[in-house]
Each structure stands twice: as C-alpha cells, then as structure tokens.
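Me: Could you walk me through a fold I have just opened? I would like to start with the overall layout and then go into a few residues.

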Amino acid sequence: MARELIYTGFITLDGAVDSPGGAAEGHPGGGWVFDTEFVPEAFSLKAEELEETTALLFGRNSYEAFSNFWPTSPDHAAYRDLPKYVASTTLGDDDLVDGWGPTTILRTTEDIASLKQTDGGAIFIHGSADLALRLGEAGLIDRYNLLMFPYLLPGGKRIFGESGADRRGLALRDSATYANGVVRLVYDVRR
C-alpha cells in the first residue's frame, strides 16, 4: 500500500499560501496568520496532524527556512527525530542540518513517487508551494489539509496552478468554521 502524501498549510481565500508568517518571508502582504484573531480550536488540525505524521517533505527553500528554527522550537519538538526529505536539485549533503533527524535529498518527482511506495505512514509537506504545485499536477498528493484565512493576497504563491493542468476532483473529508473567519478544509484527492 502506498504511503499517503499530504499537503498541509495555511491558505487565503484566493488560494495564496505565500508568506503567512510575515513580509520577511517574501510577499509584502504577508503576515496574515498573525493578523487574524487567535482562536485555539482553529488550529486543532495541526495537533491532529502530529499524531499522523511519520515523515516530512520540503522543497529546498522551505527546508532552509524551517531548519533555522524548527530543530530547537518547543512547538515543533515532535518533528525533531522524524525522517525528513528535501526535494532539490541544488542542495548537497553538506547543506543539511545536523541533529534534526535523518534527512534524504530527493532529486526528481520520480524519486518522490518511489518514496510513496516504501513502507511507512503519512508524509506531510509543509510550506513548499512550488513543490506542492508540481506534485499535485503529477497526481502524487493524496490529501490537502488546509486552514483557509479570510484574506485576498493577489500575486502570492499558490499550490494550485492557474492553467495547464487537468482538472482534479476532491472529496471533502472534514470541514469546520471558526469565529475568527478561518475555515478548516480537508480534502482527499479523487482517483
């Protein structure tokens, strides 16, 4: 049985996933997660994911960003020893962070498809918009765990292409709305 590949992330109403933590991440309109009233139950999906995660997959940029603070972050301690995979054609073994669990560099989409055929549980993609777009269009993503925030962010990075990909059907697994306007959307990709 193939491992499930799950994209998890924060997304705006218009589909942007760019710079949820702040403008320093790249988009001048960034920071929309922290500009939203904090309602603890709106983030319950993140705690649920921890129970299911057996490995993490990142694109190079997200790996470099997250590896700067996740290894020592108390909020991300559960991820510390999990296997990590980085999709990159430019990253070398010397660029990997020590003390953050075993990390493997995957060079191609085919390498990721092969990873899905190995033994183990769910692999979660955090951040990594370009990677998620590519893997979604290649039919490799099995589920989208999204927290949609009530913002529009024109020009931001997206995980769903604007053109060129075939239509993909989704089946709603779970949803909820919260007082701060955040919407929980969990979709399985129909095969």
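What follows goes from the sheet to its helices and then to some serines.

Me: What kind of model is this, and in what order do the strands of the open sheet run?

Reply: This is a predicted model. Eight strands make up an open sheet, in the order E4-E3-E2-E5-E1-E6-E8-E7, and the pairing is mixed. The edges are taken by E4 and by strand E7 (170–177), each of which has a single partner strand, so one side of each is left without a neighbour in the sheet. On average, neighbouring strands of this sheet are turned by 20° against each other, with direction ignored.

Me: In which sense do E7 and E8 pair, and over how many bridges?

Reply: E7 and strand E8 (residues 183–189) pair in the antiparallel sense, over seven bridges. As one example to find on screen, Ala176 has Arg184 in E8 as its bridge partner.

Me: Okay, helices now. Which strands does H3 touch where it packs on the sheet?

Reply: H3 touches E1, E2, E3, E4 and E5, and its direction makes about 130° with that of E4.

Me: Which residues of H3 are buried, and why are they on the same side of the helix?

Reply: In helix H3 (residues 109–116), the buried residues are Thr109, Ile112, Leu115 and Lys116. They lie on the same side of H3 because they cover an arc of only 110° around the axis. These buried residues pack against several strands, among them strand E4 (103–106) and strand E5 (122–126), and also against helix H4 (129–137).

Me: And which strands does H4 lie across?

Reply: H4 lies across E1, E2, E3, E5 and strand E6 (143–149), and runs at about 110° to E2.

Me: What does the side chain of Ser62 reach?

Reply: The side chain of Ser62 reaches the backbone nitrogen of Ser128 at 2.7 Å. Ser62 itself lies in helix H2 (residues 60–66) and counts as buried, because its relative accessibility is 13%, under the 20% cut-off. Not counting residues up to four places away in sequence, Ser62 touches Ser67, His126, Gly127 and Ser128.

Me: What is the relative accessible area of Ser19, and what does its side chain reach?

Reply: Ser19 is buried, with a relative accessible area of 4%, and its side chain reaches the backbone nitrogen of Gly26 at 3.4 Å. Leaving aside neighbours within four places in sequence, Ser19 is in contact with Glu25, Gly26, His27, Gly30, Gly31 and Trp32.

Conventions: Residues are numbered from 1 along each chain as its sequence is written. This is a predicted model: local features need pLDDT of at least 70, side-chain atom pairs count only at pLDDT 80 or more; totals for chains, interfaces and linings use all residues. Side-chain values use heavy atoms; hydrogens and water are left out. Buried means under 20% relative accessible area, exposed over 50%, partly exposed in between (1.4 Å probe, protein chains only). A polar contact is a pair of N or O atoms within 3.5 Å; within protein, one must be able to donate a hydrogen and the other to accept it, and residues adjacent in sequence count only if both atoms are side-chain atoms. Contact means heavy atoms within 4.5 Å. Helices (H or I, at least four residues) and strands (E, at least two) are DSSP runs, numbered from the N terminus. The arc is that of the directions from the helix axis to the C-beta atoms. Two strands pair if DSSP finds at least two bridges between them. Axes are lines fitted to C-alpha atoms, for helices over the stretch in contact, and angles run from 0 to 180 degrees between N-to-C directions.
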